[in-house]
Amino acid sequence: MSIQVRNVSKRFGSFQALDDVSLDVDSGALTALLGPSGSGKSTLLRIIAGLEQPDSGEILLEGADATSAPPQQRGVGFVFQHYAAFKHMTVRNNIAFGLKIRKRTRGEIRARVDELLELVQLQGFGDRYPAQLSGGQRQRMALARALAPEPTVLLLDEPFGALDARVRSELRVWLRRLHDETHTTTVFVTHDQEEAMDVADRVVVMNQGRIEQVDAPRALYDAPANEFVMGFVGRASRFGDGWVRPHDLEVVPEPDDGTREGQVLRVVHLGFEVRAELVGDDGEPFSVQLTRDQAEELELEPGQIVFVRPSRTRAFA
Amino acid sequence: MPRTWRTYAVRFTALGYLLVVLVAPLSMLFWRVWVEGIDKAWAAITDPDTIHAFKITLILCAIAVPLNTVFGIVCGLAIVRRRFPGKGLVNAFVDLPLALSPVVVGFSLYLLYGRTGWFGPWFTEHGIQVLFALPAMVLATIFVSVPFVAREVVPTLREVGNEQEQAAYTLGASSWQTFWRVTLPSIRWAVIYGVVVTTARCLGEYGAVAIVSGNISGKTETATLRVQDYYENLDQAGAYGVALMLCVLAIAVLVVMTKLKPKEGVA
């Protein structure tokens with residue numbers, strides 16, 4: 001189901017959560033709403049779900065105006081950051097909830113719940129209570145619950161935000177695979193740019209209640225629309241009049257044309273790569289990404305004076 | 001080992017306090033019933049007027065507890081989940097009966113439904129006896145037991161939050177379905193606890209009911225008033241017997257509550 005957001009604004013007291021936001025999400029797409037906290041991404045998702053009413057603007061689902069439709073009638077599945085598990089129900093009853101509301105027959109419900117338990121790899125956990133599951137298991141249960149009534153849109157609000165790094169990356173892969181199998185229109189909110197780039201076909205970058213850019217992950221990285229996107233999607237440092245990515249800087253021991261002087265503050269070893277934090281002669285900090293071999297060859301140490309040459313910089317008007 | 005010493009001191013003080021304040025008077029009651037003769041106490045308990053008094057007490061409970069349970073849940077939901085003008089006032093008013101002496105409650109009802117009160121003349125005209133009859137006693141009992149369910153439900157509703165309810169909405173459940181299937185089950189222990197405390201309060205109510213009931217034996221006398229009645233007529237054994245029955249009822253309520261308490265981890 002396609003989603004259209006038309007000139008939506010929302011205010012909470014004196015805080016402008018959304019400021020005249022418009023967005024089109026195509027049917028079957030996997031879209032990420034990416035932004036720092038307070039950027040309005042969760043509010044936008046909740047307005048699409050009908051859990052929040054916009055002050056002005058419209059929401060169209062499959063071309064039809066759904067602005068004043070209650071969440072019950074929108075055909076959306078919603079997954080919350082903190083799972084919102086029904087604590088007094090078993091996993092099986094949690095997943096069956098939407099089906100029972102729709103008065104499906106017992107046999108149908110049993111078959112669908114079994115299917116979903118398998119899909120989210122919780123076979124054998126059906127009779128447990130949410131309190132007896134790990135965070136990752138609870139979130140998979142919440143996903144199965146949202147998917148049970150076969151929603152036309154799946155909305156996820158920071159779905160992996162409360163999980164540890166390893167479970168998070170496992171679930172990312174899993175969500176991508178799930179989408180490739182079901183092709184349900186999916187929108188998820190995240191503040192983690194890596195997560196957005198990893199999972200989504202399209203990323204909507206939001207800041208201070210506005211949309212900064214909508215693009216495919218690669219285009220976002222290679223052609224950011226402005227300084228905010230440049231700085232938020234991937235690492236970037238201010239360099240003279242423009243911006244530069246850490247891997248677009250080369251460290252050389254001697255100065256020549258187009259090099260700048262910098263002092264090494266810190267050398268961080270990140271396994272296969274090394275990141276050097278430097279401060280330029282203009283006092284601006286920046287970082288450089290090197291391979292291990294390069295770093296060893298240069299014998300980088302804190303306090304050392306080096307020279308850097310950018311291979312690509314980007315300036316914004 | 002100063003730590004062990006301190007632990008024992010704390011335990012001794014706590015237990016000693018309970019012993020002096022709670023256990024001693026109750027034991028005395030049991031002891032007196034025993035000394036005065038169980039047959040005399042039994043005679044008082046099986047006296048038709050006493051049985052009638054317990055019946056009245058149970059009727060008052062049967063009306064006040066369900067009403068205050070429904071009110072407490074609705075009121076708790078309104079305080080926690082809704083925004084409306086005067087919310088702070090409602091929140092404060094719910095607690096009023098905790099602060100107000102029951103005697104004052106009884107006296108205000110007496111004035112309100114009396115011959116010169118706002119409501120009294122209307123009821124008299126329509127031939128409905130409010131004061132010195134069951135209606136006033138019900139009103140008094142309801143008044144003093146209003147806060148307990150709401151007070152239990154409010155913090156639990158806050159703690160549970162409204163995400164589960166929102167999840168239910170997105171899964172297609174109406175507000176009514178969400179209330180029965182999600183909200184009520186998630187606050188059920190608070191409600192049960194509130195009901196038990198409300199019941200206990202209704203069983204023990206004395207002051208407000210004493211003023212509005214007229215205290216007519218076999219007619220408008222509750223169990224607590226019956227104790228007072230025996231005591232004033234110097235029938236000590238009778239007073240002990242009825243008091244003991246009230247005690248047993250209170251203990252039964254407590255036992256029910258302990259049995260109902262949720263098991264850890266599966267709440």
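Start by colouring chain B by domain: the assignment gives domain 1 (1-36) and domain 2 (38-266), with bounds that come from an automatic or database domain assignment. Their C-alpha centres lie 30 Å apart. Where they meet, domain 1 of chain B puts in seven residues and domain 2 of chain B ten; contact here means C-beta atoms, placed from the backbone, within 7 Å. On the domain 1 side of that contact you'll find five nonpolar, no polar and two charged residues. The classes go like this: Ala, Val, Leu, Ile, Met, Phe, Trp, Tyr, Cys and Pro are nonpolar, Asp, Glu, Lys and Arg are charged, and the others, Gly among them, are polar.

A quick note before you go on. This is a predicted model, where local features need pLDDT of at least 70 and side-chain atom pairs count only at pLDDT 80 or more, while totals for chains, interfaces and linings use all residues. Residues are numbered from 1 along each chain as its sequence is written, and chains are lettered from A and ligands numbered from 1 in the order in which they are written.

Next, show both chains and select the interface. Here 17 residues of chain B are in contact with 20 residues of chain A. On the chain B side, α9 (163-170) and α10 (175-186) each supply at least two residues, and α9(B) gives the most, with six. (Helices are DSSP runs of H or I, at least four residues; strands are runs of E, at least two; both are numbered from the N terminus.) By class, that side of chain B holds eight nonpolar, eight polar and one charged residues.

Now hide chain B and look at chain A. Of its 317 residues, 40% are buried. Buried means 20 or more other C-beta atoms within 10 Å of the residue's own, exposed means 12 or fewer, and partly exposed is in between, with C-beta atoms placed from the backbone. Among contacts between residues at least 6 apart in sequence, 63% join residues at least 24 apart.

Which residues touch the most other members of the largest nonpolar core? Select A:A32, A:L33, A:I48, A:A142, A:A144, A:L155 and A:V205, out of 91 residues in that core. A nonpolar core is a set of buried Ala, Val, Leu, Ile, Met, Phe, Trp, Tyr and Cys residues joined through C-beta atoms within 7 Å. Helix α4 (residues 135-147) of chain A gives the most to this core, with six residues. Zoom in on A:A144: leaving out residues up to four places away in sequence, it touches A:I95, A:L116, A:L117, A:L119 and A:V120. Bring chain B back for a second, separate core of 52 residues, which includes B:A44, B:F143, B:V146 and B:V212.

- A:N7 is in strand β1 (residues 3-12). Its phi is near 50°, a positive value in a residue other than glycine, and A:N7 counts as partly exposed because it has 13 C-beta neighbours inside 10 Å.
- A:Q121 sits in the loop between α3 (106-119) and α4. Phi is positive here too, about 55°, although A:Q121 is not a glycine. With 12 other C-beta atoms within 10 Å, A:Q121 is exposed.
- A:G271 is in the loop between β14 (260-270) and β15 (273-280). A:G271 has 6 C-beta neighbours inside 10 Å, so it counts as exposed. Draw a distance from its C-alpha to that of A:F316, 45 residues apart along the chain, and you get 33 Å.

Technical notes: Two residues are in contact if their C-beta atoms, placed from the backbone, lie within 7 Å.
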